[in-house]
Amino acid sequence: MTNKDNRIIILIAVAVTILFSGVCAFFSLVCALICFLMGAVLCIIFAVVTKKRIEKIEMLNDYLSLVCSGKYDLDIADNTEGELSILKNNLYKVISLLKTQNEMLKKDKVALADSLADISHQLKTPLTSMMVMTDLLKTEQDSEKRKEFVDVMETQLDKMKWLISTLLKLSKLDAGTADFKKEDFSLSSAFDEVLKPFLITLELKEITLERDVANITVKGDKSWSVQAIQNIVKNCIEHTEKNGRLSVSAQDTNIYTQVIIKDNGCGIAKEDLPHIFERFYHGKNSSKDSVGIGLAFAKAVLEKENATVTVTSEEGVGSVFEIRFYKSIV
């Protein structure tokens, strides 16, 4: 016995056995012998049981050491009775959870690396364009050409500003640090803000805007909701040709408030529909300036707002985005 406490218990048991055997010897040698044999048997049983218990504990300790070194492929599930079996089963549950979390962390690292690569690529394009424009500006004397270069640089800067701003907001959503208010706001007022940045673009592309948004009240954060819907509207406008049509409407039900954003643009390919809300995804009909985070941002925000967004589309016909702001969580 290497355990100090167990050695003390056995020594006490041996001493008590000898003591009682000695006392019994005054009355009967047979009684003393029986007392001694019973004490010896009990000491041996205790020693054997304790040894097996210690071996099981050492096995668990060795297993935990392997887990600490990153080996999760051992199975210690035990359905028998007893305190150690319960401990083994609980350890198995904890280790299975750690294994799952470890695998998720590895996937997150890969996803982060891919995202950083995509972000780097998206920023590299406008930066390269602006560097070229800057070099041309140094030598260009024609005022019209210089104005053209400046306009290109402004466009690229606006693109970078939107990209960086959206990525930072997505990071806040991922980290759970975004502050969402829960207050009533008017959809009609929200759509005034949603459409305001696109009025000039709609006019230039001669896109007809059909609006049927009554004064319906929904609960959530107006600022975040406006940003989410703007990304959906922006996507629709980008994929709608000149003289096209964009319609926005809303209706109220007992369960949710529904917002419909519809265009008659080029539509979304059938194989792209399941991935349209994924970050940095580029569909077959994506524009050359598409970054691939606008719809992902919209979905992430709306989910935080207790809302859902879905899309149906047909190539050559157009797309329909449906947003549902649910009134309660069941």
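Predicted model: local features only at pLDDT ≥ 70, side-chain atom pairs only at ≥ 80, totals over all residues.
Helix 2 covers residues 29–68 and has 40 residues. From its first C-alpha to its last it reaches 58 Å. That is close to the 58 Å expected at 1.5 Å a residue. Some of its residues are buried: Ala-32, Gly-39, Cys-43, Thr-50, Leu-60, Tyr-63 and Val-67.

Now step back to the whole chain. The protein chain has 8 helices and 7 strands. It holds 330 residues, and 34% of them count as buried. The accessible surface comes to about 21100 Å². Carbon and sulfur atoms account for 59% of that surface. Contacts also reach along the sequence. Among those between residues at least 6 apart, 68% join residues at least 24 apart.

Helix 1 spans residues 4–25, and Val-23 is found in it. Val-23 belongs to a nonpolar patch on the surface. Is Val-23 buried or partly exposed? Its relative accessible area is 41%, so Val-23 counts as partly exposed.

The largest nonpolar core has 48 residues. Those with the most contacts inside this core are Leu-173, Leu-187, Phe-191, Ile-232, Val-233, Ile-261 and Ile-323. Several elements each supply at least two residues of the core. Among the helices that do so are helix 4 (143–175), helix 5 (187–195), helix 7 (222–238) and helix 8. The strands include strand 4, strand 5 (256–263), strand 6 (307–314) and strand 7 (318–326). Which helix gives the most to this core? Helix 7 does, with 8 residues.

Ile-232 is then in contact with Ile-261, Leu-295, Ala-298, Leu-302, Val-309, Phe-321 and Ile-323.

The structure holds 10 salt bridges. One of them joins Lys-299 and Glu-303, with the closest N and O atoms 3.4 Å apart. An α-helix has 3.6 residues a turn, so residues three or four places apart point the same way. Lys-299 is partly exposed, at 28% relative accessibility.

Lys-138 is exposed, with a relative accessible area of 64%. Asp-135 is partly exposed, at 46%.

A further bridge runs between strands. Arg-245 forms a salt bridge with Glu-210, and the closest N and O atoms are 3.8 Å apart. This pair links distant parts of the chain, 35 residues apart. Arg-245 lies in strand 4 (residues 245–252), while Glu-210 lies in strand 2 (residues 208–212). Arg-245 counts as partly exposed, at 36% relative accessibility. Glu-210 is also partly exposed, with a relative accessible area of 37%.

Definitions and conventions:
Residues numbered from 1 in each chain as written. Heavy atoms only, no water. Helix = DSSP H or I, 4+ residues; strand = E, 2+ residues; numbered from the N terminus. Buried < 20%, exposed > 50% of the residue type's maximum accessible area, 1.4 Å probe, protein only. Contact = heavy atoms within 4.5 Å. Areas by Shrake-Rupley, 256 points an atom, 1.4 Å probe, with all protein chains shown as cover. Salt bridge = Lys/Arg side-chain N within 4 Å of Asp/Glu carboxyl O. Patch = residues over 30% accessible without salt bridge, like charges linked within 9 Å, V, L, I, M, F, W, Y side chains within 5 Å. Core = buried A, V, L, I, M, F, W, Y, C linked by side-chain atoms within 4.5 Å. Expected span 1.5 Å × (residues − 1).
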